[in-house]
Amino acid sequence: MPFARLATATTPTCHIGLGLAAVGRPGYINLGRDHDLGANRSVDALRTRTHELLDAAYAQGVRYFDAARSYGRSEEFLADWLNARPDIDDIVVGSKWGYTYTAAWSTDADRHEVKDHTLATYERQRAESDELLGDRLDLYQIHSVTPDSPALTDKELHAKLAEAAARGLTVGFSTSGPAQADAIRAALAVTVDGEPLFRTVQSTYNALETSAAPALAEAREAGLTVIVKEAMGNGRLAEPHAPDALKAVAEETSLGCDAVALALVLRQPWAGVVLSGAATVTQLSSNLHAAVVDLDADQLNRLAALVEEPRAYWEKRGQLPWH
């Protein structure tokens, strides 16, 4: 598996990845984006910003980079960066299919993305990803699987994914919504010719939403690499929006709320890679301090009190505006 590259890395930050959701398109739901990105969100401006982030991340030991077909031009930006650096061969590149970007580079579109987990969408988007990333694509994930997703029961799709896996592509899935645990367990049960289909799972887990933890531990026990997304709660766990308890712990550690929030996830024994969704190099550098945060029992207890009921958490997330 390509993730074996991470296991042999020696930098403290090798288990922090960089997700490109916030910089691959002009509109996203992360809080604080107006301040982070400013008014100029042209294709060229975000391409330059993405390349600066990738350079900074790689220089500081980050070795996993995460894109998606629905993240605007994230795959294109990542491909440009890779093509200009052919000597870089120690990273893992992941992308996702299942959502189509529909905002046409607008921040106020009626719909920014459309979900479709059919075989036809997989084949179309796989061709699009291959055209951009070619053999640099290590991991291809079904984007935001829920318990009712047809991708969990479509045997023809499973066969096609198994064929891709047999040719060396790692096949995974991501989850979203209040029933993430159910989706994870259903995906773990998917087999082709008696063999498990999926080798990675990417799920939301953070100080506010911990409900997927038992299922993620089961996935890790089953041999899957666990990737954690939205560890910052789409900005709800960063200054100035962070809860008072998180701000207090951050002050005690002399680091940022973001570093503490990410450290809380990194310490989970099942967490293989934890994604930073930084939109600036300064944010990224602050995020990477998570690798050296040491939280004591009292601090962990205070942070544990922040957990919200899953449906309440996802309702709040669904109400976040696209900035």
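Figure 1. Strand β11 (residues 225–229) pairs with β12 in the parallel sense over two bridges. Two strands count as paired if DSSP finds at least two bridges between them. Helices (H or I, at least four residues) and strands (E, at least two) are DSSP runs, numbered from the N terminus. Isoleucine 227 has valine 273 in β12 as its bridge partner. The model is predicted: local features need pLDDT of at least 70, side-chain atom pairs count only at pLDDT 80 or more, and totals for chains, interfaces and linings use all residues. Residues are numbered from 1 along each chain as its sequence is written, and side-chain values use heavy atoms, with hydrogens and water left out.

**Figure 2. The closed barrel.** Eight strands close into a barrel with parallel pairing, in the order β1-β2-β3-β6-β7-β10-β11-β12. From one strand to the next, the twist averages 25°. Strands of a sheet pair through backbone hydrogen bonds, either parallel or antiparallel.

**Figure 3. Strand β3 and its partner β2.** Strand β2 (residues 64–66) is joined to β3 by three bridges, and the two run parallel. Aspartate 66 stands opposite glycine 94 in β3. How many of the residues of β3 (residues 92–97) are buried? Six of its six residues are buried, where buried means under 20% relative accessible area, exposed over 50%, and partly exposed in between (1.4 Å probe, protein chains only). Val92, Gly94 and Lys96 point one way from β3, whereas Val93, Ser95 and Trp97 point the other way. In a regular strand the side chains alternate between the two faces of the sheet.

Figure 4. Helix α10 lies across β1 (16–19), β11 and β12, and runs at about 160° to β12. Axes are lines fitted to C-alpha atoms, for helices over the stretch in contact, and angles run from 0 to 180 degrees between N-to-C directions. Glutamine 268 is in the loop between α10 (257–266) and β12 (273–276). This glutamine 268 is buried, with a relative accessible area of 16%. Its side chain reaches the backbone oxygen of leucine 264 at 3.0 Å.

**Figure 5. The nonpolar cores.** A nonpolar core is a set of buried Ala, Val, Leu, Ile, Met, Phe, Trp, Tyr and Cys residues joined through side-chain atoms within 4.5 Å. The largest such core has 89 residues, of which Leu78 and Phe198 touch the most other members. Helix α10 gives the largest share of this core, eight residues. Leaving out residues up to four places away in sequence, leucine 78 touches Leu20, Leu54, Phe65, Ala67, Val93 and Leu133. A second, separate core of eight residues includes Phe3, Leu6, Tyr64 and Ile227.

**Figure 6. Salt bridges.** The whole structure holds 17 salt bridges, each a side-chain nitrogen of Lys or Arg within 4 Å of a carboxyl oxygen of Asp or Glu. Side chains of opposite charge can pair when their charged atoms come close. Arginine 124 and glutamate 128 form one of them (3.5 Å, N to O). Both lie in helix α5 (residues 119–133), four residues apart, about one turn of the helix. Arginine 124 is partly exposed, at 37% relative accessible area, and glutamate 128 is partly exposed at 25%. In another salt bridge, the closest N and O atoms of glutamate 252 and arginine 302 are 2.9 Å apart. Glutamate 252 lies in helix α9 (residues 244–253) and arginine 302 in helix α12 (residues 297–304), so the pair ties together parts that are 50 residues apart in sequence. Glutamate 308 and lysine 316 also meet in a salt bridge (3.1 Å, N to O). Here glutamate 308 is buried at 16% relative accessible area, while lysine 316 is partly exposed at 39%. Salt bridges that share partners join Arg47, Arg73, Glu76 and Asp80 into one network.

**Figure 7. Surroundings of aspartate 55.** Aspartate 55 is found in helix α3 (residues 43–59) and is partly exposed, with a relative accessible area of 34%. Neighbours within four places in sequence aside, aspartate 55 is in contact (heavy atoms within 4.5 Å) with Trp81 and Arg85. A polar contact of 3.1 Å joins the side chains of aspartate 55 and arginine 85. A polar contact is a pair of N or O atoms within 3.5 Å; within protein, one must be able to donate a hydrogen and the other to accept it, and residues adjacent in sequence count only if both atoms are side-chain atoms. The C-alpha atoms of aspartate 55 and valine 281 are separated by 9.3 Å, although these residues are 226 residues apart along the chain.
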